[in-house]
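The sequence and structure come first.

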Amino acid sequence: MPTVSPQTGPQSPHRKRRATMRLALTLLAVLLAPAQLRAEGDAPVAVYSHPSVDNDWLTRDFLRAAFTMRVRVWPDGQPIIVYVLDDSAAAHEVFCREVLGTFPYVLRRTWDRMTFTGTGVSPRRVSSLEEMRQRINATPGAVGYLRSPPSGEATSPRGVRS
Amino acid sequence: MTEMNLLPRALRVGILALLLLPPPLLALGERFQLNGFASQTLLHSEGNQAFGEDDDPSTNFYEAGLFATAKLAPRLLGSAQVFVADAGDRDDGKPRLDYALLDYQPLSRSDLTFGLRAGRVKNPFGLHNDTRDVIFLRPGILMPQAVYLDRTGVRDVLFSSDGAQLYGSTSFGDHVASWTFGYGLDREASDRFKRNLGADELGASGVEIVDFRVARIMADWAGGILRSGISFLGAGIDADIPPLGTVELDADIWVLSLQWNQPRYSLTFEYSLLDTTTRGLPGSSGIDRSDGAYLQADWFVAPDWTLFLRHDLYYGDRNDRDGRRHAAATGEPRYTEFSRDTTFGASWRPAPAWGVWAEAHIIDGTAAANNDEPGPGKRHWQLFLLSAAFQF
């Protein structure tokens, strides 16, 4: 049983240090927690395309037309190749909502309607954002989406122009 | 005579052109997509038959399709589907070419697109006509009869036709309007259609589908949260029925479509007006005016599970909705003139590649029934269906 000594009284330096450490840990936990909740789910997603695709073409209107397979070629005549994640992927859901202004199931129905009537090809599905990055980098005319990098990092994904 | 022999000359030329295109344009892999689907359905009916089934439960309900789409050039698509189905006596299990077309889109801007299709093309009509062959895209196992007229065997006429379509779209703000106009070449009715029409009993020959026109204008508001549309389909059926001579039937169908899409639920409403004019057949009143409507609510209760509830109304004569006038004129029970169908359904989609569907129809009225035995049938009857399907 530790004996209470003058060193561990209520106002002792030892107690103050422990209290400060507890406070620091609590603050750290508070600061980290929201960031962690945001890391999945609602982290911002931005359009990403091959260098052959001009930034000026990536307007909201054109992206909507491209991702719903309404247009087949970029303004320069290059075929548009669309890449997407699985319907249930968090990044896909964010992209549908924030950039395309729709829901994954509505978009899925639009693709299915075109595929099953022979009037369009469905977007190419990839299984991860890393595969998305690789495929888009390797395919002229390709467009898809990636998570926006935290500010300060060299940018690769392009913001949406409206 | 198989369906393949009915390909029009233009289509044969199109296929030949595809085969002669330089190999780089036809490079497989990235530019070629092959898909397929198959479904098997179990059907049990109480009181009346929906398709003149033989057994109970009937397993004579399956569909399978194989289709391919090729990007032949940046603005040119080619596609085709082979399909086989059995649906009681409404279909016969013989494979056929559902569609085979070339689709060229010369104008491809986000604010304006324009293109044309030629060959055997699916008819865009209402929200679901051009995808009624695939259970994954249907609003249920059976199509809403109010609008899509499965059981009268008209699927053949409605579904696809040999001819051409012009199509386009324009965007305004967050909304998109798209339109399609199609024209079908005159063609001889398939054996299947003639059978469903009762052509043999009438001693009809030379049954032709003529003057086929289809048009649809759809608007997708706010990214497809609200969809609205108007569709029109017109066609004529000409037949030689001795000793009457030529009998002509003209059908005009208008459909109004509305759909409201939210993350956890979706509401769909469609209303259809059908006018048929018959000439040359004594005893027919000249013009028949029927209509129908359905309202469906889908709940996405879980990522894999959807429940739906639908009320589907069909009236053989919209000026005689309770059938009393028909009963007084013909002595048939009044319930043969209408069909009021309440449907409960559920679907389970554990993976994109497959799913299971189930639904129960509680029906008042026999306008949509198709019994084997003669007689008006039972007024109140039920249908239970269970389907499993996969796609790739």
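Which residues form one aromatic cluster? A:Phe116, B:Phe37, B:Phe67 and B:Phe83 do. The model is predicted, and the sections below should be read with that in mind.

## Aromatic pairs

Over all chains, the structure holds 18 aromatic pairs. In one of them, the ring centres of A:Trp57 and A:Trp74 are 5.8 Å apart and the planes meet at 25°, so the pair counts as stacked. A:Trp57 sits in the loop between strand 1 (45-49) and helix 2 (60-67) of chain A, while A:Trp74 sits in the loop between helix 2 and strand 2 (81-84) of chain A; the pair therefore ties together parts 17 residues apart in sequence. Both A:Trp57 and A:Trp74 are buried.

A second pair involves B:Phe37 and B:Phe67, with ring centres 6.2 Å apart and planes at 55°, so this pair is tilted. B:Phe37 belongs to strand 1 (residues 32-46) of chain B and B:Phe67 to strand 2 (residues 58-73) of chain B, so parts 30 residues apart in sequence are tied together. B:Phe37 is buried at a relative accessible area of 5%, and B:Phe67 is buried at 1%.

## Charges over rings

Two arginines of chain B are placed over rings. B:Arg321 lies over the face of B:Tyr315, 4.8 Å from the ring centre. The charged end of B:Arg340 sits over the ring of B:Phe338, at 4.1 Å from its centre.

## Cavities

How many cavities of 30 Å³ or more are there? The count is 4. The largest cavity holds about 810 Å³ of space. Its lining comprises 41 residues, and those nearest its centre are A:Arg70, A:Thr110, A:Arg113, A:Met114 and B:Ser178.

## Chain B and backbone geometry

Chain B has 6 helices and 17 strands. Of its 392 residues, 51% count as buried. Among contacts in chain B with a separation of 6 or more, 59% join residues 24 or more positions apart.

The peptide bond from B:Pro242 to B:Pro243 is cis, with omega near 0°. B:Pro243 is in the loop between strand 10 (226-241) and strand 11 (245-261) of chain B.

Positive phi values occur in A:Met69, near 60°, and in B:Asp211, at about 50°; neither residue is a glycine. A:Met69 lies in the loop between helix 2 and strand 2 of chain A and is buried, with a relative accessible area of 13%. B:Asp211 lies in strand 9 of chain B and is partly exposed, at 41% relative accessibility.

## Confidence in chain A

The average pLDDT of chain A is 79, and 73% of the residues score at least 70. Within chain A, confidence is lowest in helix 1 (residues 13-39), at a mean of 59, and highest in strand 2, at 96.

Residues 1-8 of chain A have pLDDT below 50, and this stretch makes 5 contacts in the model beyond near neighbours in sequence. Residues 151-157 of chain A are also below 50, with 8 such contacts. Where pLDDT is low, predicted coordinates should not be read in detail.

Notes:
Residues are numbered from 1 along each chain as its sequence is written. Chains are lettered from A and ligands numbered from 1 in the order in which they are written. This is a predicted model: local features need pLDDT of at least 70, side-chain atom pairs count only at pLDDT 80 or more; totals for chains, interfaces and linings use all residues. Side-chain values use heavy atoms; hydrogens and water are left out. Rings of Phe, Tyr and Trp (its six-membered ring) pair if their centres lie within 6.5 Å; planes under 30 degrees apart count as stacked, over 60 as edge-to-face and the rest as tilted. Helices (H or I, at least four residues) and strands (E, at least two) are DSSP runs, numbered from the N terminus. Buried means under 20% relative accessible area, exposed over 50%, partly exposed in between (1.4 Å probe, protein chains only). A charge sits over a ring if NZ of Lys or CZ of Arg is within 6 Å of the ring centre and within 35 degrees of the ring normal. pLDDT is the predictor's confidence in each residue, from 0 to 100. Contact means heavy atoms within 4.5 Å. On a 1 Å grid over the protein atoms alone, a cavity is a set of points where a 1.4 Å probe fits but cannot get out, and a pocket is an open set with protein on both sides within 12 Å along at least five of seven lines; lining residues have an atom within 4 Å of a point. Grid points are joined across faces, edges and corners, and a volume is the space filled by probe spheres set on the points.
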